[in-house]
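I opened the model and kept notes as I went.

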Amino acid sequence: MILAFLMLFAGGMLLGGAWSFYRSKKPWWAIAGLAVLALVCLGISFWRIQSG
């Protein structure tokens, strides 16, 4: 359960980083990579929370 909340925190931080990259006009592949990584972390955390 602790891993789920750590992944939730990491996913939120990465999503914020992707938004920051978007606002500072970084390359699209960096924004997309960070956003995909954030969504994977969030997905893993939600899956772990649901499975108990």
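I am working on a predicted model, where local features need pLDDT of at least 70, side-chain atom pairs count only at pLDDT 80 or more, and totals for chains, interfaces and linings use all residues. I number residues from 1 along each chain as its sequence is written, and side-chain values use heavy atoms, with hydrogens and water left out.

**Whole chain.** I looked up the secondary structure and found two helices and zero strands. Helices here are DSSP runs of H or I with at least four residues, strands are runs of E with at least two, and both are numbered from the N terminus. The C-alpha trace spans about 40 × 15 × 10 Å along its principal axes. Accessible areas come from the Shrake-Rupley method with a 1.4 Å probe; for residues, only the protein chains shown count as cover. Of the 52 residues, 23% are buried. Buried means under 20% relative accessible area, exposed over 50%, and partly exposed in between (1.4 Å probe, protein chains only).

**Contacts.** I took pairs at least 6 apart in sequence; 63% of their contacts join residues at least 24 apart. A contact is heavy atoms within 4.5 Å. I also checked Ala10 and Leu39: they are 29 residues apart in sequence and 10 Å apart in space, C-alpha to C-alpha. Ala10 lies in H1 and is partly exposed, because its relative accessible area is 27%.

**Helix H2.** H2 has 24 residues and reaches 34 Å from first C-alpha to last, close to the 34 Å expected. The expected span is 1.5 Å times one less than the number of residues. Which residues of H2 are buried? I listed Ala30, Ile31, Leu34, Ala38, Cys41, Leu42 and Ser45. These buried residues pack against H1. An α-helix has 3.6 residues a turn, so residues three or four places apart point the same way.

**Surface patch.** Val36, Val40, Ile44 and Trp47 form a nonpolar surface patch with about 390 Å² of accessible area together. Val40 lies in H2 and counts as partly exposed because its relative accessibility is 43%.

**Backbone.** I found Lys25 in the loop between H1 (2-23) and H2 (28-51). Its phi is near 60 degrees, a positive value in a residue other than glycine. Most residues other than glycine have a negative phi. Lys25 counts as exposed because its relative accessibility is 72%. Just after H2, Gly52 takes a positive phi of about 90 degrees.

How values were computed: Patches are made of residues with over 30% relative accessible area and no salt bridge: like charges are joined within 9 Å, nonpolar side chains (Val, Leu, Ile, Met, Phe, Trp, Tyr) within 5 Å. A salt bridge is a side-chain nitrogen of Lys or Arg within 4 Å of a carboxyl oxygen of Asp or Glu.
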